[in-house]
There are 2 protein chains.
Amino acid sequence: MTIFKKLEPFLDQIQQELQHSIKPDYPQSIKDPIVYFLETPGKKIRPLLTLLCAEAVGGKTSDAFSAAVGIELFHDFTLIHDDIMDRDDMRRGRFTVHKKWGEDSAILVGDMMIGMAFEKMLACEAQYIQSVLPLFNEALIKVCEGQALDKEFEIRENVSLDDYLDMISKKTAWLFKLSCEIGAILGGGSAEEVETMRQFGNLLGIGFQIQDDLLDYIGEEKTLGKKVGSDLKMHKKTYVTLLYSQKVGQQSDNANNFPFTISQFSSLPDLKTALFDLGIVDETRKLVDDYIRGAIRLLERIQPLTESNDLYQMVLALQERDY
Amino acid sequence: MTIFKKLEPFLDQIQQELQHSIKPDYPQSIKDPIVYFLETPGKKIRPLLTLLCAEAVGGKTSDAFSAAVGIELFHDFTLIHDDIMDRDDMRRGRFTVHKKWGEDSAILVGDMMIGMAFEKMLACEAQYIQSVLPLFNEALIKVCEGQALDKEFEIRENVSLDDYLDMISKKTAWLFKLSCEIGAILGGGSAEEVETMRQFGNLLGIGFQIQDDLLDYIGEEKTLGKKVGSDLKMHKKTYVTLLYSQKVGQQSDNANNFPFTISQFSSLPDLKTALFDLGIVDETRKLVDDYIRGAIRLLERIQPLTESNDLYQMVLALQERDY
């Protein structure tokens with residue numbers, strides 16, 4: 001992805017600032033896991049969105065820098081706690097915090113990172129604190145709600161597409177939305193621009209999560225840096241599984257057999273083949289494209305869609321991602 | 001404790017507001033544990049301190065009410081996550097959240113309550129938000145640091161009295177300090193009054209924790225609402241255990257045998273007898289009294305120590321507590 005190559009100076013800056021947010025006097029037992037987690041280069045999609053959205057509305061990226069790092073720390077907290085709940089052992093190609101240091105440490109490290117995240121938000125320019133902080137905290141609550149729904153759906157059979165979309169709009173898209181909205185606010189955008197970037201972030205986030213769900217079945221472990229099939233193991237309800245249940249239900253022509261669950265498959269390669277054969281991969285990709293095209297149409301209201309438009313190029317790169 | 005009887009209208013108000021902070025649209029899987037946890041009447045020491053400190057500097061308790069509830073929610077978050085880490089099954093006479101709903105739920109419920117706590121802090125009067133929020137967030141970080149140290153000390157032998165005091169000043173006293181400081185700020189106190197109430201809270205908090213450590217060995221389960229001996233089980237380093245090691249070390253007159261650990265006792269009644277016989281109970285109570293007298297001297301700078309001084313009466317009641 002050449003756009004991420006171009007954005008590398010930002011990535012380096014974010015990476016450095018993440019390291020600087022770790023105070024030398026933190027107790028060793030939480031400092032070590034935090035250093036370990038933060039030193040692994042992640043995609044940094046959310047902080048990049050914050051910086052580029054600030055720029056898109058005519059502001060300077062430096063105005064949004066502290067918030068961008070705060071948003072990444074917030075995202076990292078959710079990953080660390082979610083990995084415990086989802087029993088995931090690998091993340092970004094390395095052991096998860098709870099796998100390496102135990103669940104107690106991972107709980108505490110996640111809690112600590114909420115504080116570190118708020119610290120960065122509190123370092124935003126004073127005039128924006130009162131608009132930015134309630135949004136940031138609202139996102140904390142919504143992301144927890146989304147995670148709760150995700151866990152509820154694991155043991156619930158009757159999950160509709162609307163339920164699923166509501167869940168991912170909280171669990172994933174809310175933070176995308178927040179990243180873009182806060183970037184636009186700190187970049188000095190008008191109320192209309194802020195609202196447009198907020199909606200842009202929401203559509204991008206929903207597209208991103210549906211794509212993520214697909215990659216969990218058809219992605220390559222080496223490229224993803226984590227185990228594929230984790231959703232299958234946890235009986236996660238995703239667009240892929242909902243579509244599968246629907247299609248197999250229709251084929252069998254027997255309403256009583258509905259819903260068929262994807263977890264009947266014990267082998268991931270078999271399931272992968274079935275997902276391609278049933279046209280589920282294509283349909284899912286189409287839905288992802290729909291959301292991303294929607295996001296791009298909103299972006300066009302703010303900036304011309306040119307080759308030099310970094311935000312636009314980043315969205316296109318995300319659309320094509322295989323990791 | 002008659003003072004708590006007198007403060008009952010406040011307790012009822014806090015209890016009601018805690019229930020109101022639970023939104024009807026929270027997902028069931030987190031709403032149920034939150035309702036369950038918040039409906040149990042706790043001591044509510046911290047929010048009462050906030051309200052009474054606002055009053056002590058000449059303000060209205062209503063100005064500090066939202067913050068008081070935020071501080072209680074913050075305290076509740078720490079209890080829920082700490083209970084997981086400390087393997088505690090009982091709290092306030094009922095099962096802990098992780099015992100009843102599992103660890104995953106308890107992690108998520110705790111996270112959610114951080115957001116609920118910040119929501120209350122964000123509802124403080126606008127002019128105070130920028131002074132109150134950084135203090136609140138600093139406390140979140142410090143309390144996590146304190147909990148990390150507490151867990152580190154469980155597996156470390158060479159813990160000094162200074163190490164222990166540093167740990168409890170973060171883990172427990174910081175929130176007492178914050179409760180008093182924020183109360184004084186929202187009550188419109190002068191910089192000097194705020195600083196005095198802050199120090200008052202710190203000394204009170206340290207005294208409270210040392211007393212808590214003692215009650216874990218010599219308290220009555222029924223009165224405490226939780227199992228005694230939990231610290232023993234987890235090899236916690238407390239003032240009681242540090243004093244024990246010191247005394248037994250001196251008696252044996254053999255430096256190589258030092259430190260003796262209190263965990264050599266397998267029976268709690270035996271240990272309890274030993275703690276009384278060795279004078280450890282008396283010495284610990286004396287230290288608690290020293291801290292609480294220090295707090296009272298600070299309070300005297302703000303308010304005369306009369307029978308109608310609710311804050312003073314509350315401190316005296318805490319000094320005598322057996323729960």
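This is a short chat about a predicted model with chains A and B.

Student: What ipTM and pTM does the model score?
Tutor: This predicted model scores ipTM 0.95 and pTM 0.95.

Student: And what is the mean pLDDT of chain A?
Tutor: The mean is 92. In chain A, 94% of the residues reach 70 or more. Over residues 253-260 of chain A, though, the pLDDT is below 50. That stretch has 12 contacts in the model beyond near neighbours in sequence.

Student: Why not read such coordinates in detail where pLDDT is low?
Tutor: Low pLDDT means low confidence from the predictor, so the coordinates there should not be read in detail.

Student: New topic. What rotation superposes chain B on chain A?
Tutor: A rotation of 180 degrees, with 0.0 Å of shift along its axis. The RMSD is 0.0 Å. The two copies are therefore related as by a two-fold rotation axis. The same surface serves both copies. Of the contact residues of chain B, 100% recur in chain A.

Student: How many of the lining residues are nonpolar, polar and charged?
Tutor: The lining of the second largest pocket has 22 charged, 17 nonpolar and 10 polar residues.

Student: Back to chain A. Where is K247(A)?
Tutor: K247(A) sits in helix 13 of chain A, residues 239-252.

Student: Which residues does K247(A) touch?
Tutor: L278(A), I280(A) and E283(A), leaving aside residues up to four places away in sequence. With E283(A), K247(A) makes a polar contact, side chain to side chain, at 2.7 Å.

Conventions:
Residues numbered from 1 in each chain as written. Chains lettered and ligands numbered in written order. Predicted model: local features only at pLDDT ≥ 70, side-chain atom pairs only at ≥ 80, totals over all residues. Heavy atoms only, no water. Least-squares fit on C-alpha atoms with pLDDT ≥ 70 in both. Contact = heavy atoms within 4.5 Å. Nonpolar A, V, L, I, M, F, W, Y, C, P; charged D, E, K, R; others polar. pLDDT = per-residue confidence, 0-100. Helix = DSSP H or I, 4+ residues; strand = E, 2+ residues; numbered from the N terminus. Polar contact = N/O pair within 3.5 Å; in protein donor to acceptor, adjacent residues only side chain to side chain.
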